[in-house]
Amino acid sequence: MSKQYRFPENFLWGSATAAYQIEGSPLADGAGPSIWQRFAHTPGRMLNDDNGDVACDHYNRWRDDVGLMKQLGMQGYRFSVSWSRVMPEGRGRVNPKGLDFYERLVDTLLENGIQPTATLFHWDLPAALDDRGGWLNPDIADWFGEYSEVMYKRLDGRIKRWATLNEPWVVTDGGYLHGALAPGHRNRFEAPIASHNLLRAHGKSVQVYRAVGKHEVGLVVNIEPKYPASQSPEDLAATRRAEAYMNRQYLDPVFFGTYPEELREIFGEAWPEWPQADMDLIRQPLDFIGVNYYTRNVARHDEANWPLKVSPVRQTQHTYTETGWEVFPQGLTDTLTWVKERYGNPKVFITENGAAFFDPPKAERGRVRDPLRVSYLRQHLRAVHKAIEAGCDIQGYYVWSLLDNLEWSLGYSKRFGIVHVDFETQTRTPKDSARYYASVVASHGEAL
Ligand SMILES: OC[C@@H]1[C@@H](O)[C@H](O)[C@@H](O)c2nc(CNc3ccccc3)cn21
């Protein structure tokens with residue numbers, strides 16, 4: 001008798017995307033440019049000089065894409081709002097056609113019995129705000145609060161679950177410390193300031209929601225559990241630094257009002273003293289936490305690896321994805337039980353989980369075989385179930401991603417979708433993983 005995988009009655013099964021990765025038409029109908037529009041059109045920043053001018057053409061094909069979600073039996077859909085489509089300069093003027101796009105999308109999702117979850121910021125900051133310093137300007141907390149209020153007032157009620165930010169760690173580490181992501185800065189002094197202002201903006205948005213919203217608001221973070229390469233004092237300390245830097249840097253301020261002490265050790269003179277008023281602003285009670293999980297990290301001390309002094313150790317016994325991430329489903333169970341134990345078992349949605357494996361550019365006779373992704377999803381959904389059995393309050397799962405899309409500076413070279421996109425013709429073809437996931441959803445997990 002195979003194990004029965006029973007999920008909570010109200011467990012929500014969905015898929016996730018993000019605006020700049022799927023929409024295309026970044027400047028259509030009065031939209032303003034984002035920093036990703038700029039970054040993608042800066043020579044040398046994007047693999048193969050790819051950009052989001054077309055992407056999955058979701059801005060025009062959104063109705064068919066909702067039909068695809070319906071066909072797959074999706075119960076939820078997590079998408080992001082392009083701030084500069086709604087407010088072209090990021091503040092002040094609202095672009096009615098930008099708002100209309102999201103209103104039509106949400107209404108059509110609801111008509112098809114699909115619960116919308118909106119992320120207000122998924123990396124595509126309005127370029128006009130970046131010109132004013134962007135995340136380095138403390139005023140951005142108020143700018144984000146103003147944008148949040150526009151969205152909350154227009155769509156709250158139809159959208160009953162909001163995420164303020166997607167992965168402040170990636171925005172900071174990629175956009176301000178190492179420079180691989182927009183806006184492409186590489187500055188040890190800027191990174192803590194950007195990170196802190198991201199959290200301040202999150203706190204401001206939650207305050208605004210408490211004033212005008214009636215449902216749920218939360219924060220989406222990426223968590224990558226860290227395991228020491230050895231029990232040497234150096235590797236144990238390195239693991240602690242890595243764990244503080246990625247996994248505690250955002251949830252500790254939100255839940256405890258304090259940063260991990262390791263951050264001063266990591267950034268040294270570049271780590272400011274933060275005003276208590278800021279920490280009070282950040283520490284707004286939340287209705288849920290979104291956890292994005294992809295892989296784990298085995299950490300060793302590496303004196304040469306600035307500024308963390310940590311390097312990953314490749315694990316030869318496991319499969320790796322096209323993005324170089326180890327397939328390690330136990331890490332998802334460990335992550336979820338760690339969140340439960342450290343932060344008091346908050347309501348959690350797994351807001352992203354998925355993998356890029358090689359898929360052909362074109363479907364073959366209407367089919368895309370992706371056994372590795374089927375296996376990845378099966379293993380990770382079983383890992384979720386294991387966490388639920390351990391008492392974690394996990395209330396939903398969104399596979400990343402519904403569609404093959406623009407993988408940021410890696411362009412279209414990495415395919416995460418359960419639905420294949422032929423970027424020459426925009427033809428969508430559900431992969432075997434889509435059929436598998438649809439069967440899991442239809443059986444509420446029993447087909448795992
Ligand atoms: O890379 C896959 C997805 C990406 O397409 C999403 O927009 C983003 O939310 C996302 N976050 C992660 C996890 N964290 C991460 C770690 C290092 C670099 C980039 C992302 C993976 N992904």
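**Pockets first, then a helix**

I began with the lining of the largest pocket, where helix 8 gives the largest share, five residues. A reminder to myself: this is a predicted model.

Next I looked up which elements join in. Helix 8 (168-177), helix 10 (233-248), strand 8 (297-301) and strand 9 (310-312) each bring at least two residues to that lining. In total, 48 residues line the largest pocket, and its volume comes to about 1300 Å³.

Which residues lie nearest the centre of the largest pocket? I found W169, D173, E224, M246 and W325 there. I also sorted the lining by class and noted 25 nonpolar, 14 polar and nine charged residues.

Then I moved to the second largest pocket, which holds about 160 Å³ of space. Its lining runs through G257, T258, Y259, P260, E261 and R264, and also takes in W271, P272, E273, W274 and M279. By class I wrote down six nonpolar, two polar and three charged residues for this second lining.

Last, I turned to helix 14, which covers residues 330-343 and has 14 residues. From first C-alpha to last, helix 14 reaches 20 Å, close to the 20 Å expected at 1.5 Å a residue.

Which residues of helix 14 are buried? My list reads G331, L332, T333, T335, L336, T337, V339 and Y343. Just after helix 14 comes G344, and I noted its positive phi of about 80°.

Notes:
Residues numbered from 1 in each chain as written. Predicted model: local features only at pLDDT ≥ 70, side-chain atom pairs only at ≥ 80, totals over all residues. Heavy atoms only, no water. 1 Å grid on protein atoms, 1.4 Å probe; cavity = no way out; pocket = protein on both sides within 12 Å on 5 of 7 lines; lining within 4 Å. Points joined across faces, edges and corners; volume = space filled by probe spheres on them. Helix = DSSP H or I, 4+ residues; strand = E, 2+ residues; numbered from the N terminus. Nonpolar A, V, L, I, M, F, W, Y, C, P; charged D, E, K, R; others polar. Expected span 1.5 Å × (residues − 1). Buried < 20%, exposed > 50% of the residue type's maximum accessible area, 1.4 Å probe, protein only.
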